[in-house]
Amino acid sequence: MRQLPIEGQLPFYLSKSIGGMILLEKLNKTYPGVQPLHVLKDIDLSISQGEYVAIMGASGSGKSTLLNVLGILDDYDTGRYLLDGKLIAGLSEKKAAIYRNKMIGFVFQSFNLISFKNAMENVALPLFYKGVSRKKRNQLALEYLEKVGLRDWWHHYPNELSGGQKQRIAIARALISQPRIILADEPTGALDSRTTDEVIQLLSQVNAEGITTIVVTHERSVAEQTKRIIHLKDGYIESDNINIPSLTACSK
Amino acid sequence: MKFFEFDTIREIFSTMRQSKLRTFLTGFSVAWGIFMLIVLLGSGKGLQNGVSSNFSNYAVNMVNVWPRRTNMPYKGFKAYRRLRFRDQDMEMLKNHFPQIDKASGIISLYGNTVSYGKEYGNYGINGVMPDYKDIRMLSIEAGNGRFINNIDMSEERKVVVINQRVADNLFRGEEPLGKYVQIGGIAFMVVGLETKTSNDENGYCYIPHSTAQTIYNRRGYTDEFYFTVTGMDSPEANEAFTLALRKTLARSLIVHPDDTAAIGVWNMAENYVQTMRIFSTIQLFVFIIGLCTLVAGIVGVGNIMVITVKERTREFGIKKAIGASPSNILNSILIESVIITGVFGYIGMVLGIGTLELLSLIMENATGTGGDGPKVFLNPSVDLNIVLVATGILIASGLLAGYFPARRAVNIKPVEAMRAE
């Protein structure tokens, strides 16, 4: 593995020509409290369109917080966050909702499907908030279920599905609004190894279609499937490496 | 996204289906509030209608005066003298009391045989003056002739106004107007048909007061007086009037001023005003109880909305993460609240009105007052405006109760919301 210098010194072909989809500059976040917790410390990060990135780190290293900030689910204190060239700071919930709906698809560890909606309705839900007609969005939902191999399961409710199936449905839901970025927070955390592979393959496939994919994980095997691995430790970026599978294979 | 859209409604119904119990409980407290309000107000109204309908055989401002025996010796007269009212007593009272509006003497005779052809019956014969019609609120509809008039009085005509019962019994569907009936062997021409007491068991005949005085040997005298009075709204004013009336009449008839039992006075207004006062108090009382029930309903709705919003915080977080704006979520909560309160409010209203109808039916049968007997419960009804206002208040309070917790939940950052369980 080759050590890469971080943002600013990224190779030309990565940061400039393709364009920085995500750009963090000296970003800090502290959780207030009796003992304030400084979770993100001077993070500088640039992720370009189409990249497949894993964020790794021990629990408490700030990786989930980083992902939440990237997904505009959480805010930050100081520094700058540019998403597709737009400064993300102090957004109203309404603005944030618009950006999320337009730009970002989420995949969560706990799936976060809505329990009283069937698979198709769950997948179609983001389009409801975009104002797409019911017929159109259900048709699209079926297409995306097809993509994740669960078309025949469209009428099942989440509690009738296995963990792997739920996660695939969550991925279909994340994809249906055609986001530029997929943010996955421990997507395989609740899955066994076989279904983990299915889900990771699905994410790789998503990335192959040109969607920037960022996966937070603590599983080495999952990270190995990505093309860039960022290690966080105590709120700092400890390392940021390009992951070349062939190299890994050679070193074995 | 528009506020009101079919898809939004569908979305809301799917969440309502998801939590049937909660929907039912919210709805129930609304329906119950409206139901109780309607039943209470309606019963109050029914009670009032029932009792006041008992007054409706008379003008509510009617005063009836009749002579009795004296109880004390006075100015050379012995005790236990039977009093009689004279024509001039009525004139004197009319001049003395400007409150007196309409006045009529009455000569009442019972058990006179009235016949027409082969048909005959025993009916009450009343010798009355033209004002009697208005005092007793008799009704002669167009085409049914006329009541006793002043010319009948001055010419002592032998004319008679019969009521429906007499017409039914004697004429058997034949046209009575212009026909002659025999009363105590004297022919009277029927000039009017009175229909107000058409349900009444009793038959009545009205003849001119002057004619009755002549025929029945009461020239210059009358049996009782009937008046209507105006301009007295309080029980106190009516009491004072009754007292003054007694005094004046006692002086005229040479009766001891303290001998109150010698003259009978029935002042309808005195009773009516008092009864109506009681009823307006009851109405107010009932209204306050209804309002309290409504408040309980409002608190119920508020409570359940608070819990609902708390329960669904996680769901809201997920929805926001996948692109729902705060207003999407807020709107859906508010519309849900309005639909529940509206629909169940309506159900409560319908049930309440149904219950009132049932109550009315049962009460009518139970008291056996299908006819003209005294009523205690009649036409329970509620002012529709009150119902609409009450429903409006409930919906508005559902909105408010949903709005504040919902706004707070909606403004929680999605990460935190999703963490909630």
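**Exercise 1. Confidence and make-up of chain A**

Task: Determine how many helices and strands chain A has, and where in chain A confidence is lowest and where highest.

Solution: Begin with the inventory, in which chain A has nine helices and 11 strands. Next take the burial, for which the count gives 47% of the 252 residues of chain A as buried. Then consider how the chain contacts itself: of the contacts between residues at least 6 apart in sequence, 70% join residues at least 24 apart. Turning to confidence, the mean pLDDT of chain A is 84, with 89% of its residues at 70 or more. Confidence is lowest in helix α1 (residues 12-15) of chain A, where the mean is 44, and highest in strand β9 (residues 212-216) of chain A, where it is 93. Over residues 1-18 of chain A pLDDT stays under 50, although the model has 25 contacts beyond four places in sequence for this stretch. Where pLDDT is low, predicted coordinates should not be read in detail.

**Exercise 2. Where chain B touches chain A**

Task: Find how many residues of each chain are in contact, and which elements of chain B give two or more residues to the side that touches chain A.

Solution: Counting first, 21 residues of chain B are in contact with 23 residues of chain A. On the chain B side, the elements that give two or more residues are α1 (6-18), α10 (313-321), α11 (326-366) and α13 (414-419).

**Exercise 3. A helix pair in chain B**

Task: Describe how the axes of α8 (residues 235-252) and α9 (residues 268-311) of chain B are arranged, and which residues make the contact.

Solution: Two packed helices are described by the angle between their axes and the distance between the axes. For α8(B) and α9(B), the axes come within 9 Å and cross at roughly 165°. Because angles over 145 degrees count as roughly antiparallel, α8(B) is roughly antiparallel to α9(B). The crossing of the two helices is left-handed. From α8(B) the contact takes B:Pro235, B:Asn238, B:Glu239 and B:Thr242, and from α9(B) it takes B:Ala269, B:Glu270, B:Val273 and B:Gln274. By class, these are three nonpolar, three polar and two charged residues.

**Exercise 4. The surroundings of B:Ile140**

Task: Locate B:Ile140 and list its contacts beyond four places in sequence.

Solution: B:Ile140 lies in the loop between α4 (132-135) and α5 (150-155) of chain B. Its 18 C-beta neighbours inside 10 Å make B:Ile140 partly exposed. Once neighbours within four places in sequence are set aside, B:Ile140 is in contact with B:Gly145, B:Arg146, B:Phe147, B:Gly192, B:Leu193 and B:Glu194.

Note on methods:
Residues numbered from 1 in each chain as written. Chains lettered and ligands numbered in written order. Predicted model: local features only at pLDDT ≥ 70, side-chain atom pairs only at ≥ 80, totals over all residues. Axes fitted to C-alpha atoms, helices over the stretch in contact; angles between N-to-C directions. Helix = DSSP H or I, 4+ residues; strand = E, 2+ residues; numbered from the N terminus. Parallel < 35°, antiparallel > 145°, perpendicular 65-115°, else oblique. Left-handed = near helix turned anticlockwise from the far one by under 90°. Contact = placed C-beta atoms within 7 Å. Nonpolar A, V, L, I, M, F, W, Y, C, P; charged D, E, K, R; others polar. Buried ≥ 20, exposed ≤ 12 C-beta atoms within 10 Å, placed from the backbone. pLDDT = per-residue confidence, 0-100.
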